[in-house]
Amino acid sequence: MTAYDDLHLFTGDLHSHCNIGYGHGSIEDSYRNARLQLDFACVTAHSWWADMPEADVRLAQTVAYHRAGFQRTAETWPAFREVVEANHAPGRFISFLGCEWHSMAYGDHHIVFGSPAGEIIPAADLDEMRRELRTLAARGVPALLIPHHIGYRRGYRGINWDAFTPEFSPVVEIMSMHGCSESDEAACPMLHTMGPRDGASTYQHGLAAGHIVGAVGSTDHHSAHPGSYGHGRVAVWADALTRDGILAALRARRCYALTGDRIDLRFSINGAPLGSALPPADVREIAVEVRGGAALDTIELLHNNRVIERWRGADATVSPWAAPLKVCLEVGWGEKGHNVDWDVVLAVTGGRLLGVEPRFRGHDVVAPQAGDEECYAFSRWERLDANAVHFATRTWGNPTTTTAGTQAICLELAGDAATRLHGTINGIPVAATLGELLAASSAGYLGGFLTPAHRFHRAVPAGRFAGAFTLRHRAPGPRRDWYTVRVRQINDQWAWSSPVWVG
């Protein structure tokens, strides 16, 4: 798609927490984890809450841990800056300094600084926050101010669309551990103690109100694990892996929200990429291309928040050997709360290992815990050679029957039915051919019944994880229209695009 010819796709997390503030795990562990599977990250320190409900005696504990977190952030801010800079490696991995500003009236926001000279801003309201950001910008410290978990009711730390402007907020966060704020009918409901979604706070409501704003995801993870699988990430189309390149892509809204898998989403109207605001046009030539991390279920094109085109997964009769396949190995299960360390080596014989996508997660923490875990940076991976990979990680059983605590790695392979994937899992030999995995998944155990287990997912040929379509759409009237793309995979991983506006 020509709109993306001079751009590169990078994936990151702009909003996660550690023990700077009131999370768990160190800032050093945060960046160790981020570098495993992301291209950029902002670890955000809790910093200020002007309208904290201190008079409500029910919230005494909440007020106390916030105050303690803010004090810790203030005390450690200089050292925090140093760690952020030590992890910054343009072209390889981008780190951003950041902090979080809470508000009952305006909703919570996180600040992403484009310079290590960023400061904690004790603003009383959004007007003061924007004045301070203008002052910093004039001193050469650019920043973004990103509303997050926007779907909560206004006045309950959800977004206040009436007070919103795109001046420092070209995007809003619509996916995180809190759930999805795309619409009041979206997947991933909000189940935190802060409450349910409110329709007037959702992203689609803001678009319908006329706001020109893009969509991102991030984890809001509180255990030093940016990018923790399944909880929210952001993908950007940027010209370079630099701070300026990532921020420019976000300001241009060339970005989209993800849950976990690195879904490659390309979407253009009249030759312009996602995030574009185009002049009036009676005819809109729309092109959509998606390359997923697993078999695609649906790709939906929405016009003014209404689905107008739906692509469904490709026919299973597509030749499985015409293009690369993906095979995911997942490890975990076993007794809940019991740590299991994993050491896995996989090699490919009779084919080629084309790519590796780790899918690691941290402990699911979104509020302070009574104690700390033994360790917060427990995963690593490496290519042993062109056709072999090694990874080590930890699992602790699945917290509930609907919440995964597993770890995984996805391999992209070229081969045929006889191509053999083999190696060891905690010293136990394993092997399967692509022909076998194309027919069915394969599970195994470290021991007997109720012991930790592994699963080779069914192999997915490119004909099932790639999809594309084009559409010519005519203007229904003189108003400004917006178009978005929504992607769902059969493993329930999602992507939501920033819009393209026309008119």
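This is a predicted model: local features need pLDDT of at least 70, side-chain atom pairs count only at pLDDT 80 or more; totals for chains, interfaces and linings use all residues.
Modeller: Local features here need pLDDT of at least 70, side-chain atom pairs count only at pLDDT 80 or more, and totals for chains, interfaces and linings use all residues. Residues are numbered from 1 along each chain as its sequence is written, and side-chain values use heavy atoms, without hydrogens and water.

Colleague: What makes a space a pocket, and why is it not called a cavity?

Modeller: On a 1 Å grid over the protein atoms alone, a cavity is a set of points where a 1.4 Å probe fits but cannot get out. A pocket is an open set, with protein on both sides within 12 Å along at least five of seven lines. So the word pocket marks an open set.

Colleague: How much space lies in the largest pocket?

Modeller: About 1,400 Å³. That volume is the space filled by probe spheres set on the points, which are joined across faces, edges and corners. The second largest pocket holds about 580 Å³.

Colleague: Which residues line the largest pocket?

Modeller: Lining residues have an atom within 4 Å of a point. There are 49, and Arg361, Thr402, Ala404, Asn491 and Gln493 lie nearest the centre. Strand S17 gives the most, with 4 residues. Strands are DSSP runs (E, at least two), as are helices (H or I, at least four residues), numbered from the N terminus.

Colleague: And what lines the second largest pocket?

Modeller: 27 residues, with Thr62, Arg157, His192, Thr193 and Met194 nearest its centre. Helix H2 (60-86) is one of the elements that supply at least two. H2 gives the most, with 3 residues.
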